[in-house]
Amino acid sequence: MELIKNTSVLFERYQQYKIENPKIRIREAAKELGVTELDLVNCNERNIQLHADFNLLLNDLGNLKEILAITRNEYAVHERKGIYTKATISSHIGLVVNPDIDLRLFMANWKYAYAVEDNNRNSIQFFDKYGIAIHKVYLTENSNPIAYQKFLEKHENKLKEDLSILPLDGNNKVETPDIEIDVLGFQAAWKDLKDTHDFFPMLRDYKLSRLQALRLAPENYSHQIPNKKIESLLNLVSSLKLDIMVFVGNNNCLQIHTGPIEKIVRTGPWLNVLDPKFNLHLKDESIDQVWIVKKPTDMGLVHSVEAFDKDGNLIIQFFGKRKPNIPESEDWRLVIQSLENVV
């Protein structure tokens, strides 16, 4: 790990690695070189460290006009074009909400921001205290380049700080044994939900992991389906021209697409949506479990399709498009029924 301290040596190693592996993504290159993605960004002198005033940074992104917002986890990448509107940040929770850029921000571990130039593409990238990329904002052909230069002039940290990256805690959280769970109380609380946003606090109150909750759910409120149903779901939604919601996130950011999905393309292990304003890249061979989940609300049941990896991490969620105080669409419920009924 000595390379982390010597940025010039790391930069040379990284450039050589890219020559030998021209299609490699920076996330994978960092793993192969034994460093973090932030280390690789930091070692390139063309990249600019920004002041880590995230409230101000996020609220100034709107000046750039159209951008491409990217949020990902290990097995899903969510890309959405749009214009940032005002970010609302309270304590460590932030929101950016408009029809195109729709984000939920969990900011306790946000630490660094950089302006990155790579292959003639400019972006603003955010990283957590472990050096992991949280969220990236790329300029498009419709961005305002003058505003981008003003953004850099305003936010550049000219007294560039040395990185202080924490090692990841390798200890996996251990589930509370089923026998210690108040299952009847939990099931009653599930049936008594009034809003989907109350689901996570309920899991916290009963000390349940998400997958454990699905396994112990009240009868008929969760149902595991074959993993291949994700591809069936996308193709069916596309053929019906149905508006849906696609959620992809990591520990620090959740990004949401609301609208149709049209062009579905498989490329090797990746299942892709390739639309003008929305792209999704899902490594569906890495999905371990897929569940249909039903949550009560004041406006009736809300159905989601949720995919998990082998460690129980949530990869992606799908909902029918919903508006406040309007029940879930019957078209979406028909999609759910088709997933439940067909083997």
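In this predicted model, helix α1 passes helix α2 in a right-handed crossing. The two helices, α1 at residues 7-20 and α2 at residues 26-33, pack at an angle of about 120°, and their axes are 11 Å apart. On the α1 side the contact is made by Arg13, Tyr14 and Tyr17, which meet Ile26, Ala29, Glu32 and Leu33 of α2. Sorted by class, that contact holds five nonpolar residues and two charged ones, with no polar residues.

Next up is the sheet. Nine strands make an open sheet, running in the order β4-β5-β6-β12-β11-β18-β17-β16-β10, with antiparallel pairing. At its edges sit β4 (87-90) and β10 (222-225), each of which pairs on one side only. On average, neighbouring strands here are turned by 15° against each other, direction ignored.

Now for the nonpolar cores. The largest one has 30 residues, and Ile230, Val305, Ile316, Phe318 and Trp332 are those with the most contacts inside it.

| Element | Residues |
|---|---|
| α9 | 229-240 |
| β11 | 244-249 |
| β14 | 270-274 |
| β15 | 278-283 |
| β16 | 289-295 |
| β17 | 302-308 |
| β18 | 314-320 |
| α10 | 330-341 |

Another core, of 28 residues, lies apart from this one and includes Val96, Ile101, Val137 and Ala147.

Finally, a loop residue. Isoleucine 181 is found in the loop between α5 (145-155) and α6 (183-191). Is isoleucine 181 buried or exposed? Its relative accessibility is 9%, so isoleucine 181 counts as buried, the cut-off being under 20%. Once its neighbours within four places in sequence are set aside, isoleucine 181 is in contact with Thr176, Tyr206, Lys207, Leu208, Gln212 and Leu216. As for lysine 207, it is 26 residues away from isoleucine 181 in sequence, while the two C-alpha atoms are 7.6 Å apart in space.

How values were computed
Residues are numbered from 1 along each chain as its sequence is written. This is a predicted model: local features need pLDDT of at least 70, side-chain atom pairs count only at pLDDT 80 or more; totals for chains, interfaces and linings use all residues. Side-chain values use heavy atoms; hydrogens and water are left out. Axes are lines fitted to C-alpha atoms, for helices over the stretch in contact, and angles run from 0 to 180 degrees between N-to-C directions. Helices (H or I, at least four residues) and strands (E, at least two) are DSSP runs, numbered from the N terminus. A crossing is left-handed if the near helix is turned anticlockwise from the far one by less than a right angle, and right-handed if clockwise. Contact means heavy atoms within 4.5 Å. Ala, Val, Leu, Ile, Met, Phe, Trp, Tyr, Cys and Pro count as nonpolar, Asp, Glu, Lys and Arg as charged, and the others, Gly among them, as polar. A nonpolar core is a set of buried Ala, Val, Leu, Ile, Met, Phe, Trp, Tyr and Cys residues joined through side-chain atoms within 4.5 Å. Buried means under 20% relative accessible area, exposed over 50%, partly exposed in between (1.4 Å probe, protein chains only). Two strands pair if DSSP finds at least two bridges between them.
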